[in-house]
Protein chains: 2
Amino acid sequence: MTAIGAERYRELLSRRAARGSRANYGGIAPTYQLGSGKPDPASFPKHELVVAMADVMEIEGDDALTYGALYGWDGLRDLVVHKYNVLEGLKLERDNVLLTNGSNDAIGLIIQAFVDEGDPIICEAPTFMATIGAFRRQGADLLGIELDDEGLRTDLVAERLAALREAGRRCKLIYTIPTFQNPAGPTMSERRRRHLVKLAREYEVMILEDDAYAELRYDGQPQPSMYSLDDAGFVVRTGTVSKILGAGFRLGWVIAPPMLLGYLSAFNFGGGISPLASRICAYYLKDHLEPHIRELIDIYRAKRDSMLEALQQGLGDTDAAWSRPEGGFFIWVKLPSGTDPQRVSELADAASVGYVSGTMCMPNGGGEDHIRLAFSYDQPEQLREGTRLLCEAIKQAGVGVSSGTTF
Amino acid sequence: MTAIGAERYRELLSRRAARGSRANYGGIAPTYQLGSGKPDPASFPKHELVVAMADVMEIEGDDALTYGALYGWDGLRDLVVHKYNVLEGLKLERDNVLLTNGSNDAIGLIIQAFVDEGDPIICEAPTFMATIGAFRRQGADLLGIELDDEGLRTDLVAERLAALREAGRRCKLIYTIPTFQNPAGPTMSERRRRHLVKLAREYEVMILEDDAYAELRYDGQPQPSMYSLDDAGFVVRTGTVSKILGAGFRLGWVIAPPMLLGYLSAFNFGGGISPLASRICAYYLKDHLEPHIRELIDIYRAKRDSMLEALQQGLGDTDAAWSRPEGGFFIWVKLPSGTDPQRVSELADAASVGYVSGTMCMPNGGGEDHIRLAFSYDQPEQLREGTRLLCEAIKQAGVGVSSGTTF
């Protein structure tokens, strides 16, 4: 077979496609999986999901196995509404909810609906790595703004928006993860949230509020969502089943003003979200939502605390620093001064410990001195051991700079 | 709430989004559903799918409920390979298969990977309505070419390609449904298939072979797929679980040269296809694929014949004409001369019979004198009655032109 080569395809590909291809995840998972934010497998209610499947087949198998509504099955849309209204006191209606193929798909639809090539986009630095890739594919000009303990520095956002306006550039979207920020950890204060919503209104910018972990708060006081603070329709918010039940369903959603749903859905070229997966999920959650979330909170709080303890044991005698998130799945670690990040990577690989390099999370470069750790997947004993091994690797990768030196 | 209005959003939307929003399907389904190509609900193996779910949870529940590989679960990719290799004698490997959210999603990924705004695209006229919408969203310049009993008129394709080259315009994609063409019905002859593949090579154009119904042949001889006739990597082929098991899984695929999968997958902003739905589907099909397809062929052949008979009874005394497809779900009806299509619509609506207007299937206008009927969904008695009622409506909508008049 004399197949045409890569060069030829490149000539045939669309401009967006020419930005690169996406490799299949695969290969052997490391023994200690501190990398991606996978949910705890021990929490999966497998038996109950078989019961849910049997009920779905008996009660509405015909509808579960055929084409569904483009915006998703109303039963699950209603459950999402119920979740927010009960847990957060929102006043959503079904028409605020578009179901998507997980939260990343929701973010992808929003990016496609609002971002053209070359558009300036404000986001946090660091931010969620998958989203950086999605923005880049769309050709966005990502402008990362730093965070502190109160979350995104909205004063710097204001400056940037003013500067962009001055330069005649229209910023149409601000991407933020205000709660248990991924990867840095802080939760944005209410003061900052109100400031950002005010800026959105003033500059007429959409805010994409990525809120995949909203339900998983282990301590501290909840902050109002940006969505709830906005009364002008500038905030769209995303959420997911992945962290509160299982990522294998590929179910997420956008909460948005109703008139926007059609613009977002139009970028879903397929026939909407699985009516089958939606029903299995909803049949389980309708009876178990709140107790299941309470159970998950207990599981993940203990895991977070285990990892924090292991970090203290492993790196407490260095100038390393790490976040203490009130929820979510991640801890953001600043490596001790003088650590060689490449050497950490090699040693961790040898010890079969996975983690995410800080560089992956930076929209405009940098991040070599940070790593992101997930405490969500591994079981407690493995989590402690993996963290211990990683701390050892980090220490071995020190290049002998005396403690206290700063860059 | 003083939400911003549609005007404001339009200013914020991307250029592609501004091409329009997509309404949620919904409302009350008609009593007689001769419109969309939904699979036969009586064929759904509900009990066996519960068994499959129980096996999945027991054997690999942890993997089914977490994130999966971006190109889809290898077990289902292998099953797709097996299906084609056993049923058609192809020599596919796993690396030829990208799983997608149904066949429409596969088509959407291909469109995004190869089509830029303004690109000329050759397709059949009539063609699949959902695909017309996807091409339009991408800003393609759709150029419909007519069909005859041998399928797409490849002589006209050759002329068009030459004219485009002459005009300095690069055509990068030809979209065809060569087998049981939707909606018109013909299956492209091998001679034409070879011609089209030759043209693709000569002009360096990709062929998108939409083959959602390949397995459902009720009579006649199979033709080799375009994919199997191409040895130069210019053909990508799409398929789906929707018609051979159930559309509620939202599972389809692209068969393509391996190096293209990454370019296609990159437009799937979410985390790939549901690992759960993939496994339920594959666990069922691995034991039942061939007998289930045989059963479906018997079901749909009988339904096709029922509808053909009902059309003969209802319109046999007019100059209406209709296709006799050897497979697939649709019959393409040319209305009797002088029929008022608007009146048909009103009368069918009053009788609660759904169908698809031919205008929906035309990429460049026209089609008022045709309708597309699906025989797949309704049960036999209902199918006959729906067809009978529709034929009555069509006759009542005649505007009194004497038989034999042509437009």
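Visitor: How many helices and strands make up the secondary structure of chain A?
Guide: Chain A has twelve helices and 14 strands, where helices (H or I, at least four residues) and strands (E, at least two) are DSSP runs numbered from the N terminus. This is a predicted model, in which local features need pLDDT of at least 70, side-chain atom pairs count only at pLDDT 80 or more, and totals for chains, interfaces and linings use all residues. Residues are numbered from 1 along each chain as its sequence is written, while chains are lettered from A and ligands numbered from 1 in the order in which they are written.

Visitor: What makes the radius of gyration of chain A agree with that of a compact globule?
Guide: The globule rule, over C-alpha atoms, is 2.2 Å times the number of residues to the power 0.38; for 407 residues this gives a value near 22 Å, and chain A has 22 Å, so the two agree.

Visitor: Which element of chain A gives the most to the side that touches chain B?
Guide: The contact takes 81 residues from chain A and 81 residues from chain B, a contact being two residues whose C-beta atoms, placed from the backbone, lie within 7 Å. On the side of chain A, α2(A) gives the most, with nine residues.

Visitor: Why are β2 and β5 of chain B said to stand at the edges?
Guide: Eight strands of chain B form an open, mixed sheet in the order β2-β9-β8-β7-β6-β3-β4-β5, two strands being paired if DSSP finds at least two bridges between them. β2 (97-100) and β5 (151-152) of chain B each have a single partner strand, so one side of each is left without a neighbour in the sheet.
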